[in-house]
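Please keep the sequence and the model in view while reading.

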Amino acid sequence: MSSAEVVIVGGGPAGAATAIALARAGRDVLVLERSRFPRDKPCGDCANPGSLEELRRLGVAERLEPLLRPHELRGWYVEAPDGSAFRAEFGRGRSGDAAPQLGWAVRRRDLDRALLNEAERAGARVRFGFRVFDVTRRGKRVCGVVGRSGAYGEETIRASWVVGADGLRSVVRRRLSVKAPQPRVKKIALVGHLAGDWSGSAGFGELRVRDGRCCGFAPLASGAGANITLVVPQAEAKQIGGDARGFLQSALNGFPEVAARLRLAALDPRVMVTGPFDVSVRRPSFAGALLVGDAAGYFDPFTGQGINQALRGARWAAVAIEAALREPRRERRALRWYALQVRRHNAATHGLQRVIDAVISRPALMSAFIRVLSRGESQAARRLLRVTGDLADPVTLLDPLVWLRPPLRATG
Ligand SMILES: Cc1cc2nc3c(=O)[nH]c(=O)nc-3n(C[C@H](O)[C@H](O)[C@H](O)COP(=O)(O)OP(=O)(O)OC[C@H]3O[C@@H](n4cnc5c(N)ncnc54)[C@H](O)[C@@H]3O)c2cc1C
């Protein structure tokens, strides 16, 4: 039977970042990933400025940038069903002359592979093609996982700590008997990639809401094309049948600005479908196990905050596990601390995402809201972008002055 001090299930951003932090702390870390990398993942491919801050804290941003050559994301253009729209930047750092805050638009198969390479560089072991299907326990304590790989068949791996970083449909979460209530938001997403070079654009991602559907467009690094993400009500899933690409192409006719680009470049043959997304988790920590990233709860992709949540969660998970390994008698405290961080974060970000979801699902309300945000470059638009860019706390949106102050003059 093989073993590791920490077994991490899933090699996405949550798993890779947890592995980097713990391996750097000198821990024996094993990442078990069911896919073979590089693998695609349904995502809008936009790491917001808060995610970049996390990558800097992790000490990998400088190495990843020249490798990935991401398209720099300055902000978002958002359009309501009646055609009213606003475009806002994430803003600048705290001091007046600070550089603009940027995000990265980068294809997930490239970002995730690069992050997992960093985990290996830091000393973590990675096993690809290993699918975990259960956790093992000694009494109430989790003490390992059971999985299967093509080469070795079924295998049990012992661990002092198991991290469930296995995404939205986490097996670890299910095996820990964490009940996730039925999703209240019933939507699915189709994600495709457009060939060509769209990197000459001004660095704004685009979001358009029309007829109950939402379409995102993000130019990626030079030569890497662009991401098209379409979110539709789950009821439309039946119409997809076996032809996700055909469905996406025909649905994009409702978004002529995006459909026009489809006439200029080819859509990748593979279109990914996923959903529903709304997974709420009450308990992310257990004796011997933590849930991180999407496995610890997710709401909706509209604001593009999932990568940040995964990286932040990884930072907290590494702190908690390191503290518990160093001083086992303080384990309960470390687990409580971790659960508090996750719950606080999820309550604030998912709470805001719920409000935004309520607005975008009411066309008249969304149009009125966007009209308010489109007055010049309003303070409210800028603040909203800072919050969804994970640069400011959602509670700062409750400041009435943000909504009453006159628009700012546009900055360069
Ligand atoms: C349509 C859509 C668009 C989105 N757009 C954005 C965006 O633009 N910006 C943003 O920040 N966020 C976005 N998100 C959210 C973001 O993609 C996720 O929040 C993020 O990927 C979470 O990272 P993670 O590491 O927790 O999970 P994942 O990235 O899902 O990684 C989980 C890993 O675990 C592996 N795994 C799963 N099960 C097992 C198993 N049993 N055994 C072994 N390995 C396993 C998987 O293969 C995978 O590699 C979007 C989400 C969706 C659905």
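A residue is called buried if 20 or more other C-beta atoms lie within 10 Å of its own, exposed if 12 or fewer do, and partly exposed in between, with C-beta atoms placed from the backbone. Helices (H or I, at least four residues) and strands (E, at least two) are DSSP runs, numbered from the N terminus. The model is predicted: local features need pLDDT of at least 70, side-chain atom pairs count only at pLDDT 80 or more, and totals for chains, interfaces and linings use all residues. Residues are numbered from 1 along each chain as its sequence is written.

Helix H1 is mostly covered, with 11 of its 12 residues buried. Among these buried residues are Pro13, Gly15, Thr18, Ile20 and Leu22. The buried residues of H1 pack against strand E1 (2–9), E2, helix H4 (108–121), strand E11 (153–164) and H9, where contact requires C-beta atoms, placed from the backbone, within 7 Å. The expected span of a helix is 1.5 Å times one less than its number of residues. The 12 residues of H1 should therefore span 16 Å, and this agrees with its end C-alpha atoms, which are 16 Å apart. After H1 comes Gly26, with a positive phi near 95°.

Helix H2 covers residues 49–57, and its buried residues are Pro49, Gly50, Ser51, Leu52, Glu54 and Leu55. The elements covering them include E3, helix H3 (61–68), strand E7 (103–105) and H9. H2 is followed by Gly59, which likewise has a positive phi, near 80°.

Strands E3 and E7 also belong to an open sheet of 3 strands, in the order E3-E7-E4 and with antiparallel pairing. Its edge strands, E3 and E4 (71–73), each pair on one side only; two strands pair if DSSP finds at least two bridges between them. E4 and E7 run antiparallel and are joined by 3 bridges. Glu72 has Trp104 in E7 as its bridge partner.

How values were computed. Contact = placed C-beta atoms within 7 Å.
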